[in-house]
Amino acid sequence: MMMSGRGHLSLLFFLAVCSPRYLAQTPPATLRPSPSPSPSQPQTERLKVRLAGFPRKHNEGRVELFYKGEWGTICDDDFSISNANVLCRQLGFVEATGWTHSAKYGKGQGKIWLDNVQCGGGERSIAACKSRGWGNSDCTHDEDAGVVCKDERIPGFVDTNVIEAHVEENKLEEVRLRAVVAAAKKRLPVTEGVLEVKYKDGWAQVCDAGWTAKNTRVVCGMLGFPQEKKFNKNFYRRLRKRAAERFSKSKVKASAGARQTAKANANAKSKQSSANSRLFLERQKNVYRVHSVACAGTEVHLAACPMEFNGPNGTASCRGGSPVVVSCMPGPLFVRQHGGFKKKAKTSSTVRLKGGARLGEGRVEVLKSGEWGSVCDDRWNLQSASVVCRELGFGSAKEAMTGARMGQGVGPIYMNEVKCSGYERSIWKCPFKNITSEDCQHTEDAAVRCNVPYMGLENSIRLVGGRSTYEGRVEVRVGSRWGTVCSAGWSTREAMVACRQLGLGYSMHAITETWYWDSSNVTEMILSGVKCTGNEMSLTQCQRHKTLSCQKAAAKFAAGVICSETASDLVLNATLVQQSVYIEDRPLHMLYCAAEEDCLSKTAAKANWPYGHRRLLRFSSQIHNIGRADFKPKAGRHSWVWHACHGHYHSMDIFTHYDLLNANGTKVAEGHKASFCLEDSDCEEGISKRYECANFGDQGITVGCWDMYRHDIDCQWIDITDVKPGNYIMQVVINPNLEVAESDFTNNAMKCNCKYDGHRIWFHNCHVGDAFSEEAERRFDKYPGQLNNQIS
């Protein structure tokens, strides 16, 4: 039967509402409550604990437990430091330093779950301690207990210190959009469609009677979009009208068919046919489970809004209304992927996320006076985090993280006690306190994890042959074919993109030979010449050959990865470089070892050894690991190179580059430094050293520690013997070949303005590569005297 264009549109809307599997959809936006232990046999590993209340730091607060789908507190009767130790370990801290009584952090709400708790101190969970039993208490919330934990995390502790949205068990958990317009079905992300909610065991529509733009804003935020968008309501009204007409005609046809069947067949067959007709008609009815939604617009989840539910089996109609249609405006990053939007989305230039393993997560940094700085986590919550997420073009916040859970920043801390309402266009529009160094440290840097639109990128890549889910040979899907990737040119940058697309975090290793992995089901090679910047969301966004061209196309040379949820992050102490710089004229007879390790300029080979000297630009380097994993050499100790002259092993060929650049960016002098030995010279308070080079020990830099190269050791210099007086830029680059994976490579470079008059030298404006705004960085490159290379 032929169908007109209008009839086709009517059928599309009809199927969108009544036949969910037919049309494209966004995957559900989910916020699941934690499973709760049974009262008789508590499942201690599943009991959820959090710190709440204010004023407080990230490592202290009122203790709250999630049990039977509800958060509740602990009474302070019989409370002790042993109880606090157990709770702090459950939260990921090494131990407790104290505990509080009488609701010091404010009174909680709801249940008081435990009373007269008595722990020995060694229990793995508070649920394993003696008490009066779950929910058995004679206390009031004036007696809520709190803890103060030592601000040191248990190594390898997985759960993050997060502030989550509270979703009651009997409320909806997921929402999704089903596209109605045919063109929208083919594009991701889906930005417009019929809203459906997951309730109990099925999906249902929401009645649009009384539906507001504030409700739409909340839904869009859950789905990863920063704001709502108007849509053509008349278009959907016409579709509903035509769908209703077609539905009415189908009832007439079904009734007539039932009568004809009754006349022609026996009574039994007649009954069966009538039942089938009734079943057909029943399936056309809209199922409205939710109505009267009344969001304020600042909620991070629809479940937090007031609403009413129909009964579990209810199919109540939506009087005076119809199914809710939602239309959202994607952020700048997703507008480019989606297409079809005329309005150009703006990107924030005053806030950014750093140190996150996935898109839409990271440490919050804000720009002030041309320099980036972090935000302190005091009173950090989901409303403030959502303002940041929306400002960056994502949806509302999924998590608001405290305690530098996305690594510690460097430089200034600009904000404390941020109090956003949720409607601000920028975090700078929110009330906050200016802070001093006594108020906050970088151990309290705030972070976020934002809702991001579903792009389906993980469906076109997979890992095979590895020993676990985080490693394997990379296979990509091109059209309907799966195949491997040529490993020629496969580096850390490409591997980072692959792990990001897989949703597995960072790449720890880019593998170019995969012969030691299972090759029983290897597919043919279909992709070569892959070259990424490292910031892409998928390998398909990277440069690649139009046709396959790989000299080593055998399966054992297919590209592979080993991914990880965490990575290191090295940053040079720029202030120390600026403070420690000086010039030394060093006799040649003292530089034999340095010459052997290629630490002098090329003209040194023509010098009259051992007479004469070389002019050396010397400074100290203090390299901090501010990431979430230890920095360790890629090569195992079996391949380290022994240098007899200096009496140590080199674990990396090149650890840093030292360069002196002119106004055109041309090197006028250079140095390089193999890692004499990577070790923990010193650490922050409460962190223990793990790496020491003595006696062929392990090499590396622990999280929270630093490796110190003093100005007076060999090769800690640039040979400037042949450099003329003038103005230059001094640049240091750590891990220049990206030999070891890091969470952030943009902060590996450090620059200083350099003035040299032939006798003395000055450094100023020393800063890490990503510390300044783009405008400030341009001014740095063009400071007076730099362009004409004259002393000013």
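Does Glu475 count as buried or exposed? With a relative accessibility of 1%, Glu475 counts as buried, a term that stands for under 20% relative accessible area, whereas exposed stands for over 50% and partly exposed for values in between (1.4 Å probe, protein chains only). This is a predicted model, in which local features need pLDDT of at least 70 and side-chain atom pairs count only at pLDDT 80 or more, while totals for chains, interfaces and linings use all residues. Residues are numbered from 1 along each chain as its sequence is written, and side-chain values use heavy atoms, with hydrogens and water left out.

Glu475 belongs to strand β23 (residues 471-478); helices (H or I, at least four residues) and strands (E, at least two) are DSSP runs, numbered from the N terminus. If neighbours within four places in sequence are left aside, the residues in contact with Glu475 (heavy atoms within 4.5 Å) include Ser460, Ile461, Trp482 and Asn521. The table lists polar contacts between side chains, each being a pair of N or O atoms within 3.5 Å; within protein, one atom must be able to donate a hydrogen and the other to accept it, and residues adjacent in sequence count only if both atoms are side-chain atoms.

| Side chain | Partner side chain | Polar contact |
|---|---|---|
| Glu475 | Arg462 | 2.9 Å |
| Glu475 | Thr523 | 3.0 Å |
| Ser601 | Asp719 | 3.0 Å |

Helix α9 (residues 492-502) is largely enclosed by the rest of the structure, because nine of its eleven residues are buried. Among these buried residues are Thr492, Glu494, Met496, Cys499 and Leu502, and the elements that cover the buried residues of α9 include β22 (461-464), β25 (506-511) and β27 (560-564). Gly503, with a positive phi near 75°, follows α9.

Three strands form an open sheet in the order β29-β30-β38, with antiparallel pairing, where two strands pair if DSSP finds at least two bridges between them. Its edge strands, each pairing on one side only, are β29 (582-587) and β38 (717-719). Between β30 (residues 613-618) and β38 the antiparallel pairing extends over three bridges, and Arg618 is placed opposite Trp717 of β38.

Ser601 is located in the loop between α11 (592-596) and β30. Not counting residues up to four places away in sequence, Ser601 touches Arg614, Asp719 and Asp722. The C-alpha atoms of Ser601 and Asp722 are 8.6 Å apart, although 121 residues separate the two along the chain.
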